[in-house]
Amino acid sequence: PTPVIGGVGLIKDLSKILSHSFKKDNSHLLLIGKTFGHLELSCFLRENYSLIDGKPPEINFINERNNGEAVLNLIDNNHLLSVHDVSNGGLITSLVEMTIGTKIGAKISKPKKLSNLIEYFFGEDQSRYILEIDHTKLEKVEKFLKTSGIYYENIGITQKEIFEIEGEMKIKTNDLFKLNNEWYNNY
C-alpha cells in the first residue's frame with residue numbers, strides 16, 4: 001500500500017494561469033525564499049553518489065504560506081511572465097525546466113553569500129520560487145516583496161538560446177533540449 005495525498009485548488013480566473021516556461025529574453029529572474037543548501041535525500045546525492053540518507057529539508061510553515069501568497073498576489077496583479085517552484089533537483093533543475101521547450105535561456109549569477117555552489121544550485125530547501133519578470137515591472141515587484149517581508153534574490157536574466165551560469169558553464173538551449181530528450185528516451 002502506498003499513501004497518497006491529493007490536492008485540489010480553485011482557479012477563479014483562467015486568464016491568470018501561468019506556465020513555468022520562460023516567455024522572453026532580457027527578463028529579470030528573482031528567487032523567492034532562502035537557500036540553505038540542503039542536500040540530504042536530494043536528487044543530486046542520489047543520482048551522483050547513490051546516497052539515500054538523511055532527513056528531508058525542514059519546512060517553515062509561515063514562510064511557506066507567506067511566499068506562496070506573495071506569488072499568488074503577483075500573479076493576480078499580472079506582474080509575472082512565468083513562475084516555477086524549486087523542488088526536486090534544486091534551483092538548477094527548475095531553471096532548466098523553465099528553459100526546455102523554449103528558445104529562451106538564462107544567464108545566472110553565482111551567489112555572493114553561499115560559498116558552496118553545489119549546495120546553492122542543487123539544494124532542495126523548501127518554500128522557494130523562481131519568478132520571471134519584465135523589466136518594466138521589476139521595481140513594483142521588488143517593492144511589494146520588501147514591504148511584505150519576503151526574502152528574495154535577483155539571480156539573473158533570461159537570454160536568447162544560451163543557458164549559462166557565469167564563470168561555470170554555458171550551453172545552447174537546443175543542446176540542452178537534446179540532452180534532456182536523449183536521457184529520457186534512453187532511460
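Start in the middle: the largest nonpolar core has 20 residues, and Leu91, Leu95, Ile108, Ile155 and Phe163 touch the most other members. Such a core is a set of buried Ala, Val, Leu, Ile, Met, Phe, Trp, Tyr and Cys residues joined through side-chain atoms within 4.5 Å, with buried meaning under 20% relative accessible area (1.4 Å probe, protein chains only). Keep in mind that this is a predicted model, where local features need pLDDT of at least 70, side-chain atom pairs count only at pLDDT 80 or more, and totals for chains, interfaces and linings use all residues. Residues are numbered from 1 along each chain as its sequence is written, and side-chain values use heavy atoms, leaving out hydrogens and water.

- Helix 3 is the top giver, with five residues.
- A second, separate core of 16 residues includes Leu80, Val83, Tyr129 and Ile133.
- Setting aside neighbours within four places in sequence, Ile155 is in contact (heavy atoms within 4.5 Å) with residues including Leu29, Leu91 and Tyr120.

**The overall fold**
- You'll find six helices and seven strands in the chain, read as DSSP runs numbered from the N terminus (helices H or I, at least four residues; strands E, at least two).
- From the N terminus, the order is β-α-α-β-α-β-α-β-α-β-β-β-α.
- Of the contacts with a separation of 6 or more, 82% link residues 24 or more positions apart.
- Of the chain's 187 residues, 40% count as buried.

Terms used: Buried < 20%, exposed > 50% of the residue type's maximum accessible area, 1.4 Å probe, protein only.
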